[in-house]
Amino acid sequence: MTTLHFAESLRELVGGVDVVLSDIWGVVHNGLESFPEACEALHTYRSRGGTVILITNAPRPADSVQRQLRKLGVADETYDAIVSSGDLTRLYVAEHPGRKMFWLGPERDNSIYRGLDATTAPLEEADYIVCTGLYDDETETAEDYRGMMLKARERKLTLVCANPDIVVERGDRLIYCAGAIAELYRELGGEVIFYGKPHRPIYERAMALAGERQGHPIDRKKVLAIGDSVRTDLTGAREFGIDCLFVTRGIHAEEFEGLDQLDPNSVMELFGHPPKALMRELKW
């Protein structure tokens, strides 16, 4: 299949769908403001018996993500639960007591260690690295960390990536995320453990929570993922065996101008396997 299906509304796609796994950043908000129509669409779907699990590569616990959503005007009634890559990273830290961790990331992500018995250390003394992002994502790129990553590789340190995203929207700009550093480290020969989309653990956790809400195991044929990234959302959904609605207003917006005029070869080059449907922005 190389043709693209453009949907006008979410209601066209959720007949027989019990669970929606929705991305947050780029679908529900852009980091500075929420998207009211997207929030309304998810709330309406829930009001008709569907379950909405928000899955995000945010390197923070779910309760911290919820606080940010509230500040941006996203009501709690928009979703049933949140699963973050930060939650999964916390599990890794908790399962490695006594090991020294070098934390690479901005101070705003410190909630990822809240309540954990985590010992931090300089890179030269650490047993592993947890990367939640760049120290200053307004001015830096992954290349600013090449020297640091070379030193880490020399010590054969494992890097735990708490946010596999390469870039994310902040208003009308794209900023680099932890995934950019993790990919650089991998290119240099370092070992990386990724938590978050497109990797399987975050989907398994989301499905478990959805099953608790529905009161029974969830059939993957009755699940729809929503996201705006080919690399994380679309790839993750495809590899997990669930359909995906792709929102084009997000990080790939410039690439998708004239999307409805693409030939099959261009579609394959852009998407690999196309999503179930595309929509510029999520609405009911």
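Predicted model: local features only at pLDDT ≥ 70, side-chain atom pairs only at ≥ 80, totals over all residues.

A: A salt bridge is counted here when a side-chain nitrogen of Lys or Arg lies within 4 Å of a carboxyl oxygen of Asp or Glu. Across the interface of domain 1 and domain 2 the rule finds 1 salt bridge. Polar contacts across the interface of domain 1 and domain 2 come to 4 residue pairs, with both residues at pLDDT 80 or more. On the side of domain 1 that touches domain 2, the residues divide into 3 nonpolar, 6 polar and 2 charged.

The two parts themselves come from the domain assignment of the chain: domain 1 covers 10–57 + 198–279, and domain 2 covers 95–194. The contact draws 11 residues from domain 1 and 13 residues from domain 2. Between them, domain 1 and domain 2 bury about 1,100 Å², and 54% of this area is on carbon and sulfur atoms. Taken over C-alpha atoms, the centres of domain 1 and domain 2 are 27 Å apart.

The chain also has an open sheet of 5 strands with parallel pairing, in the order β5-β4-β6-β7-β10. At its edges are β5 (119–120) and β10 (191–194), each of which pairs on one side only. Strand β7 (residues 158–161) runs parallel to β10 and is joined to β10 by 4 bridges. Within this pairing, L159 stands opposite V192 in β10.

Methods: Residues numbered from 1 in each chain as written. Heavy atoms only, no water. Domains from an automatic or database assignment. Contact = heavy atoms within 4.5 Å. Buried area = accessible area lost by both parts, 1.4 Å probe. Polar contact = N/O pair within 3.5 Å; in protein donor to acceptor, adjacent residues only side chain to side chain. Nonpolar A, V, L, I, M, F, W, Y, C, P; charged D, E, K, R; others polar. Pairing = 2+ DSSP bridges. Helix = DSSP H or I, 4+ residues; strand = E, 2+ residues; numbered from the N terminus.
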